[in-house]
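Dear colleague,

I am passing on the structure we spoke about, with the sequence alongside.

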Amino acid sequence: MGSKSVLVVGGDGVDTATLESALAETPASVTQLSALSALFDTLTCSTFHALVLPATVDGQSGTDIAYGVRNLFPDLPMIVAGEDPSAVPDGLDVTAVEPSARLEDTVAEAVRDSLDGEPPAVAGRPPSPMETLLLSLFNEMPDHLYAKDGQARHVLMGRGFNEPTDRLGLTDVEVPELADEHAKAALRDEMDVIEGKTDQIEVEEFLNLDATYVRTRKMPWYDAAGEIQGIVGHTQDITERKLREHAFRRQHERLVKVALVASHELRNELQIAYGRLEDLAGCDDAAADIEESLSNVASIIDTVVELSTSDPNGPLQHDEIEQVPKQKHVWLSRLSREVWDTLADSQASLTFDSDTRIVADQESTGLLLQILFQNALEHAGPAVTVTVGTTDDGFFVADDGPGIDVEPPERVFDAGHSAVAENTGFGLYVARRVAADQGWTLSMSDSESGGARFDIGNVDCQE
């Protein structure tokens with residue numbers, strides 16, 4: 001048997017010098033790796049015939065680390081030193097060595113047994129150019145690249161957002177820093193890809209992490225036989241792009257609001273003009289000219305509204321004027337945060353009671369949220385706290401202000417009604433119209449703190 005190489009991770013679990021001494025009669029060299037973050041680089045770029053992990057390394061479970069290694073190096077013998085064998089998850093092919101006073105001798109025996117087998121197919125040979133190419137991609141990309149197995153557990157991570165080992169062996173719902181709703185939705189998405197229900201997942205999110213806004217794509221990971229064995233993910237920090245969009249969104253939403261209010265006023269005037277036109281029944285030529293002119297004005301109003309409410313993120317095509325607004329899945333928290341950042345200063349705060357993904361036209365829903373947020377800022381003051389959360393059939397927006405003292409409460413949605421002298425009184429009227437255009441309902445009640453609460457119902461939310 002030729003000389004074999006053994007990699008030992010960490011310096012606290014197993015004493016490398018003592019282990020090497022215990023392996024003196026076995027033609028094996030021992031290499032110690034102190035930095036866990038370099039584990040996959042080392043296994044890929046060097047030749048090893050056995051791996052020794054401590055039960056805990058850098059605060060992480062050795063069996064979780066072994067889980068990630070096993071999916072990428074399926075034939076590499078692994079020994080977890082100081083681990084109770086009963087604690088090893090079912091299906092994880094590792095040798096657990098119980099803690100003892102002569103731990104290194106017991107580990108050495110397990111290593112010798114493993115070295116008697118066939119050499120590993122991957123870790124026991126020099127890497128291919130493709131392997132080093134993919135490793136460089138994972139390490140050098142500023143974005144977050146990762147791979148997960150058939151149970152959606154992390155098996156490989158790049159260095160873009162996290163340490164490359166801090167989630168190994170865990171699904172997103174087991175990662176403590178991820179919000180519960182987002183983690184569960186991510187797991188559902190990944191299992192849909194793994195089970196072949198969809199070819200690809202793409203979603204944008206707002207997260208209270210280092211990367212505030214992210215865009216994630218998840219695609220199948222195929223094995224050599226063409227079968228799906230997991231997913232490959234790419235998460236990109238799009239915060240700077242989103243912040244640049246905020247100023248444009250503010251301008252666009254203001255234009256939409258002005259267009260809708262103006263169209264309401266102008267249509268009222270047109271109704272009056274059409275009524276007076278009936279008085280000119282005997283003046284056929286003049287009446288025809290006036291009616292044609294009024295029809296042209298009505299057409300111009302419709303065109304202005306269509307142009308102002310079309311998608312601001314792309315050029316307007318000729319046939320888009322008649323298109324139905326595009327509906328897609330969007331995180332309520334992400335869209336709320338984008339709109340809020342264009343309106344409020346540092347005194348006001350936005351909180352989330354719960355979160356969900358809704359099926360909505362993003363531009364229309366952004367306008368709806370903008371009106372409700374602006375209403376809270378105007379009536380409750382610049383230090384208001386606004387809360388967004390989910391309900392059984394949609395979501396709500398509530399504030400901690402003095403509430404709206406109107407009888408009956410439905411009057412707040414009347415065109416022209418306002419409790420603030422300088423306002424036009426069309427904000428909530430427009431909000432209800434925008435909601436109705438998507439098939440939603442909009443109602444008002446008192447919040448738990450005594451402020452105003454607006455409930456948006458009949459919304460298609462993802463289970």
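In this predicted model, T42 touches L7, L33 and F48, when residues up to four places away in sequence are left out of the count. T42 belongs to helix α2, which covers residues 39–45, and the side chain of T42 reaches the backbone oxygen of A38 at 2.8 Å. Because its relative accessible area is 18%, and buried is taken to mean under 20%, T42 counts as buried.

Is T356 buried or exposed? With a relative accessibility of 10%, T356 counts as buried, and, again leaving aside residues up to four places away in sequence, T356 touches V330, W331, L332, T390, C461 and Q462.

As for the chain as a whole, the secondary structure comes to 11 helices and 19 strands, and of the 463 residues in the chain, 46% are buried. The chain exposes about 22,800 Å², of which carbon and sulfur atoms supply 49%.

Conventions: Residues are numbered from 1 along each chain as its sequence is written. This is a predicted model: local features need pLDDT of at least 70, side-chain atom pairs count only at pLDDT 80 or more; totals for chains, interfaces and linings use all residues. Side-chain values use heavy atoms; hydrogens and water are left out. Helices (H or I, at least four residues) and strands (E, at least two) are DSSP runs, numbered from the N terminus. Buried means under 20% relative accessible area, exposed over 50%, partly exposed in between (1.4 Å probe, protein chains only). Accessible areas come from the Shrake-Rupley method with a 1.4 Å probe; for residues, only the protein chains shown count as cover. Contact means heavy atoms within 4.5 Å. A polar contact is a pair of N or O atoms within 3.5 Å; within protein, one must be able to donate a hydrogen and the other to accept it, and residues adjacent in sequence count only if both atoms are side-chain atoms.
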